[in-house]
Amino acid sequence: MGLDLLIRNGTIVDGSAAARYRGDVGIEGGRIVEIGRIRSVAERTIDADGLIVAPGFIDGHTHMDAQVAWDPIGSCSCWHGVTTVIMGNCGFALAPCKPDAREWFARCLTAVEDIPTEAMLAGIDWTWETYPEYLATVDRLPKAINYGAYIGHSALRMYVMGARALTEKATEDDLGRMAAAVQEAIRAGAMGFSSSRATTHVTPDGTPVASRIADWSELTFDNASAWELHDRGLVRTGYKADLVLFDEARVKPAMPTVETDLPGGARRLAQKAEGIAATVVNGEVTLEDGKATGRVPGRLLRGPGSRVA
Ligand SMILES: [Zn+2]
């Protein structure tokens, strides 16, 4: 059997802080299967002469929770060599969420992250209520990068306590229900639990978000906060083939542009990059010279506490 993809003559920076070296990387079935001088034939070959071949970048702080519903390529992250993002940061998440609270959740993300509410309401087929249902939705969506997600404290508090979450301390009963929902989320593959005490994090009414009302004792939930992505982040045989190929002399962010490509035509700032020749996610080329190839091999990455097969 030949390789699916062969990256030839690159300068490999393997992610471990080891010295760089010249070599070929052979990929089959989404994993790196060979590194060195490779003679095997491949379905597709990329000449990486003059380019760095590095593990795709993992961005641990994003708010892609809503965008994943309408943007299969995962911009702007995908344009910068990112192959995995973690979302649900700062206590914000779109689950768990009761149907009548959807607009409020969207407006909170607008207040803090500047994602237009109209875009979210137009672009999301909002069918979930619980956190496992949300992850199942993300799992099904077409994705060109990988996604992991935290369960967010403000979302959780609003779900369990309703409007009281914005003014009151949690009761014993609230805490019990929150702990059960966190456990359910971790078992479904949440990467952990996120919260925020930041004074910049306010609701659309300018009041503190729900997580800021909690006292510190509420923040002692048992959670697996380490992502434990055991088979990503290095250029090594056996590892998942998430790679970025770039010209180290040319790589830099491009000028931001204003685009009206959000659902419903809402505006956003977009920023591409220069000098990135190709990005590989789970063994498939997702971007070449900044252009999406249309392949969507990204996966939902479930956390270490996941009981989902
Ligand atoms: Zn954040």
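**Figure 1. Crossing of helices α4 and α5.** In this predicted model, helix α4 passes helix α5 in a right-handed crossing. Helix α4 spans residues 153-161 and helix α5 spans residues 172-188; their axes come within 10 Å and cross at roughly 125°.

**Figure 2. Residues at the contact of α4 with α5.** Helix α4 contributes Leu156, Tyr159, Val160 and Met161 to the contact. From helix α5 come Asp174, Arg177, Met178, Ala181 and Val182. By class, the residues of this contact comprise 7 nonpolar and 2 charged, with no polar residue.

**Figure 3. Packing of helix α3 on helix α5.** Helix α3, formed by residues 131-140, packs with α5 at an angle of about 25°, and the two axes are 8 Å apart. Helix α3 is therefore roughly parallel to α5, because angles under 35 degrees fall in that category. The crossing of α3 and α5 is right-handed.

**Figure 4. Residues at the contact of α3 with α5.** On the α3 side, the contact is made by Tyr131, Pro132 and Leu135. On the α5 side, Ala181, Glu184, Ala185 and Ala188 take part. The contact of α3 with α5 contains 6 nonpolar residues and 1 charged residue, and no polar ones. Ala181 of α5 is listed in the contact with α3 and also in the contact with α4.

**Figure 5. Arrangement of the two domains.** The protein chain is divided into domain 1, made up of residues 3-58, 231-260 and 273-292, and domain 2, made up of residues 63-219. The centres of domain 1 and domain 2, taken over C-alpha atoms, are separated by 32 Å. Across the boundary, 15 residues of domain 1 are in contact with 11 residues of domain 2.

**Figure 6. The side of domain 1 that touches domain 2.** Four strands each supply at least two residues of this side: β6 (57-59), β10 (243-246), β15 (276-281) and β16 (284-288). Strand β15 provides the largest share, 3 residues. By class, the side of domain 1 that touches domain 2 consists of 9 nonpolar, 4 polar and 2 charged residues.

Terms used:
Residues are numbered from 1 along each chain as its sequence is written. This is a predicted model: local features need pLDDT of at least 70, side-chain atom pairs count only at pLDDT 80 or more; totals for chains, interfaces and linings use all residues. Domain bounds come from an automatic or database domain assignment. Two residues are in contact if their C-beta atoms, placed from the backbone, lie within 7 Å. Ala, Val, Leu, Ile, Met, Phe, Trp, Tyr, Cys and Pro count as nonpolar, Asp, Glu, Lys and Arg as charged, and the others, Gly among them, as polar. Axes are lines fitted to C-alpha atoms, for helices over the stretch in contact, and angles run from 0 to 180 degrees between N-to-C directions. A crossing is left-handed if the near helix is turned anticlockwise from the far one by less than a right angle, and right-handed if clockwise. Angles under 35 degrees count as roughly parallel, over 145 as roughly antiparallel, 65 to 115 as roughly perpendicular and the rest as oblique.
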